[in-house]
Amino acid sequence: MFSLYLILTALCVSVSCQQRRPRIISGPSHPLIVKRKGVATFNWTFELRPSETWNDSIYEVCFGIWISPGFLTTKLMVIGNHGEVSIRRNYESKISCKFNMFRLQVSFTLHDLSREDENNYGLHVELMTRSPLTDTVTLRLEDPPEITNPLQRNITVRTGNDLDIECQAHGVPNPIVTWTRLERVIKNHNLVLKRVRRSDSGVYLCKAYNKAGEDRKEVIVTVSDHNDESPQINSPPHAETGIGRDQPSVDFTVGRFCIDYF
């Protein structure tokens, strides 16, 4: 009776193993949030049936830009079933990878990130005889704020005149900008004081912050009865940042830009 139990158990385990379907078992965090000008690494691990290997079951592993409802619109890198690697033209210095054909692990890294790299990316594992394995992730960039205006730290204005100082900062995501005096928020972006008095003299703090960090800049305002005002403050125009990249034609360069650490 016990022998029969062992036989049935072995059969069940064998059937269960054969019925186990290929799947992705781990992937990058979603969304993947990294610093601008840094690198973003996308790690995936997948599994096949026990009797299957990368060489005999996988046609290719692709990484690229993903578009709904569910396919790669732009292939950036392709790993073949024997470890050969193809990289999209003009991306040779932009992307690299590592992979382990035994452990079924792949890792793709984008370098020198800019706003143009914020996108939806995907993994596409093309199998020989079954539907592909796919996974997607959104890449978001963060950059600590940097205050670019005002440029002057000491400002003198005559009693009774108006004072208008704009605080400008850039960062990813766009920072929140406030003016404070004596630890109390008094204005956002523009510090506007009408018909200033001597009591308006003091230290004003411009603060810019987002999820990635913050920046601060002090401005010392002196209200004087004499005609010794500082030159008028002209804020530089906002710079416009173009978003997007012309999509090149599909053309791949073959080379060993990945490290097979199997």
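Buried residues, meaning those under 20% relative accessible area with a 1.4 Å probe and protein chains only, make up 38% of the 262 residues in the chain. The model is predicted, so local features need pLDDT of at least 70, side-chain atom pairs count only at pLDDT 80 or more, and totals for chains, interfaces and linings use all residues. Residues are numbered from 1 along each chain as its sequence is written, and side-chain values use heavy atoms, with hydrogens and water left out.

**The chain as a whole**

- The chain has two helices and 20 strands; these are DSSP runs numbered from the N terminus, with helices being H or I of at least four residues and strands being E of at least two.
- Of the contacts (heavy atoms within 4.5 Å) between residues at least 6 apart in sequence, 63% join residues at least 24 apart.

**Glu-60**

- Glu-60 sits in strand 4, which covers residues 58-67.
- Glu-60 counts as buried because its relative accessibility is 16%.
- Leaving aside residues up to four places away in sequence, Glu-60 touches Lys-75, Val-78, Ile-79, Gly-80, His-124, Val-125 and Glu-126.
- With Lys-75 there is also a polar contact between the two side chains, at 3.2 Å. A polar contact is a pair of N or O atoms within 3.5 Å; within protein, one must be able to donate a hydrogen and the other to accept it, and residues adjacent in sequence count only if both atoms are side-chain atoms.

**Ile-25**

- Ile-25 belongs to strand 1, residues 23-26.
- The relative accessible area of Ile-25 is 42%, so this residue is partly exposed, a class that lies between buried and exposed (over 50%).
- Not counting residues up to four places away in sequence, Ile-25 touches Thr-45, Phe-46 and Glu-47.
- Ile-25 and Glu-47 are 22 residues apart in sequence, and their C-alpha atoms are 7.0 Å apart in space.

**Strand 14 and its partners**

- Two strands pair if DSSP finds at least two bridges between them.
- Strand 14 (residues 176-181) pairs with strand 17 (residues 202-210) in the antiparallel sense over five bridges, and Thr-180 stands opposite Leu-205 in strand 17.
- Strand 14 also pairs with strand 15 (residues 184-187), in the antiparallel sense over three bridges; here Trp-179 stands opposite Lys-187.
- Strands 14 and 15 form a hairpin with two residues between them, and Leu-182 in the turn has a positive phi of about 55°.
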